[in-house]
Amino acid sequence: MKFNTKVIHGGQQHDPSTGAVMPPIYQTSTYAQSSPGDHKGYEYSRTGNPTRTALENGLASIENGNFGLAFASGLAAIDAVMKLLQPGDEVICTNDLYGGTFRLFNTIFQKFGIKFHFVGMDNTVNIEKAINNNTKLLWVESPTNPMLNIIDLKKCAEISEQNNLLLVVDNTFATPYLQKPLDLGADLVMHSATKYLGGHSDVVMGALIVKDKELADKLYFIQNASGAVCGPMDSFLVLRGIKTLHVRMQRHSENGRAIAHYLKNHPKVGKVYWPGFEDHPNHDIAKSQMSGFGGMLSFSLRGNKYEDAIKVLENLKVFTLAESLGGVESLSGHPASMTHASIPKEEREKTGVIDSLIRLSVGIEDENDLITDLEEALKLV
Ligand SMILES: *Cc1c(COP(=O)(O)O)cnc(C)c1O
């Protein structure tokens with residue numbers, strides 16, 4: 001089955017009792033047993049719920065995995081992965097990690113004796129340098145947020161294989177439409193399904209997808225034991241979102257390309273960060289491991305004035321100034337004062353998050369309306 005068919009049919013079956021084409025929202029916490037232990041596969045909805053099962057099977061299908069697991073949020077999914085580790089274990093991760101992931105690693109899991117190394121993974125030599133006998137896991141985001149750096153996932157898989165590490169890829173930005181980490185050698189794919197998979201800014205959810213049965217069993221145990229599961233209504237919404245992932249991602253990518261080029265030629269714009277440009281430092285890797293470049297991009301303003309960025313953001317009308325990304329509507333953000341505000345100015349500027357940097361999640365509206373919106377706002381600075 002090809003990807004565009006998998007998003008609609010992968011892992012799905014019509015409801016066996018009624019023929020319902022979409023799985024019903026099984027809004028139940030428990031299931032009747034005819035005799036103790038004699039049930040129809042479901043005992044309690046933390047452990048399993050049929051609507052969640054339908055979603056989990058769909059997730060496995062679209063990422064070319066064998067097992068999917070859905071969680072209450074992206075961070076709950078990451079939390080479950082980290083619980084595979086023991087005190088004393090070490091993790092190597094991208095240095096411009098999603099802020100919430102950084103906070104979870106650095107404040108919660110560090111306290112339990114896990115050590116994290118944050119390295120610039122766009123040069124994979126930095127990964128090899130940080131490996132020692134305690135290293136157990138590589139945590140990779142590609143493209144990264146908000147600088148849109150690209151990490152060579154095949155190379156990461158080689159390094160993981162040689163050193164017996166678990167390779168985890170946060171595939172939230174790319175989605176399986178653009179990039180399939182399991183095919184490139186990753187052991188585990190993680191999603192904030194809140195973003196593109198859900199796609200409509202109406203749900204918070206996380207997901208994990210793996211190929212290996214043993215690893216899946218460990219994660220199912222953690223999912224049930226720790227209990228950060230998602231409810232049936234949210235499972236239904238994300239399953240519905242996934243059915244249009246391919247058409248949405250195609251339009252996100254087209255609009256992203258148009259806006260990246262528009263901004264690149266604008267006299268008031270400094271740099272545009274978008275992996276589709278030939279002069280992007282990792283363009284060749286992006287081209288080899290992704291089938292397109294998506295709708296996420298960042299840009300700075302000439303003169304790099306904080307007030308100018310604020311003025312542009314306050315005056316965008318089609319783009320909504322908001323946290324999050326990946327929905328059908330275009331969103332804008334100011335990393336220096338929003339997502340990256342807790343990072344000291346000097347630190348954030350080292351990774352490129354300067355005062356005038358603006359991040360866009362380009363939606364699927366009409367391209368010309370989006371460009372006109374940017375044009376009007378940029379006139380004011
Ligand atoms: C949003 C996001 C997360 C966290 O997911 P939540 O659903 O907000 O908990 C993790 N990684 C990336 C890349 C994200 O964008």
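Q: Where do Glu56 and Arg52 lie?
A: Both are in helix H2 (residues 50–62), 4 residues apart, about one turn of the helix. Helices here are DSSP runs of H or I with at least four residues, strands are E runs of at least two, and both are numbered from the N terminus. Before we go on: this is a predicted model, where local features need pLDDT of at least 70 and side-chain atom pairs count only at pLDDT 80 or more, while totals for chains, interfaces and linings use all residues. Residues are numbered from 1 along each chain as its sequence is written, and side-chain values use heavy atoms, with hydrogens and water left out.

Q: Thanks! What do Glu56 and Arg52 form?
A: A salt bridge, with the closest N and O atoms 3.3 Å apart. The term stands for a side-chain nitrogen of Lys or Arg within 4 Å of a carboxyl oxygen of Asp or Glu.

Q: Is Glu56 buried or exposed?
A: Buried, with a relative accessible area of 7%. Arg52 counts as buried too, at 1%. Buried means under 20% relative accessible area, exposed over 50%, and partly exposed in between (1.4 Å probe, protein chains only).

Q: How many salt bridges does the structure hold?
A: There are 11. One of them joins Asp355 and Lys345, at 2.9 Å from N to O. That pair links distant parts of the chain: Lys345 is in helix H13 (345–350), and Asp355 is in the loop between H13 and E12, 10 residues apart. Asp355 is buried at 12%, whereas Lys345 is partly exposed at 44%.

Q: Where in the chain are Phe105 and Phe116?
A: Phe105 is in helix H4 (residues 99–109) and Phe116 is in strand E3 (residues 115–119), 11 residues apart. Both Phe105 and Phe116 are buried.

Q: Which residues do ring pairs link into a cluster?
A: Phe102, Phe105, Phe116, Phe118 and Trp139.

Conventions
Phe/Tyr/Trp six-rings, centres within 6.5 Å; stacked < 30°, edge-to-face > 60°.
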